[in-house]
Amino acid sequence: IKAARPDAMLIIGDDHHEWFMQDIQPAFSVFYGDAVQNRALTAEEEQATIARGGTYSMKVYYPPKDETYSCPKDIATHVIKSLMDDSFDVTAIGEQPSDNGQLRTLGHSYGFIYRRILNSAPIPLIPISVNTYHPPNQPSPKRCFEFGRAIARALQSFPGKQRIVVGASGGMTHFVIDEEMDRRLVDAMLKGDWDKLTSEPDIHFRSGTSEIKNWIGNAGMMAETGLKMELLDLVPCYRSEAGTGSTMGFATWN
């Protein structure tokens, strides 16, 4: 990312009832406000995270002090309009949601990349959310792939000369590991076998495993560029003999 010297970064992630709650859950959304804040957790939120089974690995997605990331509003607005023209009725988010004046947390899909990959570097950010996790309106694998392709077309049609890095955040199979599925989908991405990638039965994308759809959206973006995937790591991280845990993967397209 450093070598690419980007002017902006677009991240596909999924919401875990961080910005969106039971009252509304968009299938696809794009943020186009002036800035987003990765807010430090309150003491109460830290305790709630621990009570839900969260650990240090979850806490570090949030900064010890609030961090604000600017948003390239012109690019984000163009992406929204282009997606609408491309038959994706996206939800446009102009302000970070809040409760009684307190901003809701940015979400660990984005916090992971900003805190662990970018080391809080202030690259202007466009957060794009795909509802992979919460029923009943999760998009199918094929729809996520086509959404990614439409995002790439939107960026390619932007009249400016900005360099834009795109990425996706999400685990592979979890909270029960399925190494065969992990390898099957990663191999499809490596080979550019989009039919195989998008024909995986939707029933397989449940719970945390649904986050692979973010990878599929990213693969859709890359399919429009002709760039090839390089797999950096794919590690099944087992927590028990019952097969619980998370498969972790990292890849780049250069």
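Modeller: Leaving aside residues up to four places away in sequence, Asp74 touches Phe158 and Gln162; contact means heavy atoms within 4.5 Å. This is a predicted model, where local features need pLDDT of at least 70, side-chain atom pairs count only at pLDDT 80 or more, and totals for chains, interfaces and linings use all residues. Residues are numbered from 1 along each chain as its sequence is written, and side-chain values use heavy atoms, with hydrogens and water left out.

Colleague: Is Asp74 buried or exposed, or in between?

Modeller: Buried means under 20% relative accessible area, exposed over 50%, and partly exposed in between (1.4 Å probe, protein chains only). Asp74 has 43% relative accessibility, so Asp74 counts as partly exposed.

Colleague: Which element holds Asp74?

Modeller: Helices are DSSP runs of H or I with at least four residues, strands are E runs of at least two, and both are numbered from the N terminus. Asp74 lies in helix 3 (residues 73–85).

Colleague: How do helix 6 and helix 8 cross?

Modeller: Axes are lines fitted to C-alpha atoms, for helices over the stretch in contact, and angles run from 0 to 180 degrees between N-to-C directions. Angles under 35 degrees count as roughly parallel, over 145 as roughly antiparallel, 65 to 115 as roughly perpendicular and the rest as oblique. The axes of helix 6 (residues 179–191) and helix 8 (residues 212–223) come within 11 Å and cross at roughly 10 degrees, so the two helices are roughly parallel.

Colleague: Which residues meet there?

Modeller: Met181, Asp182, Leu185 and Met189 of helix 6 meet Ile212, Trp215 and Ala219 of helix 8.
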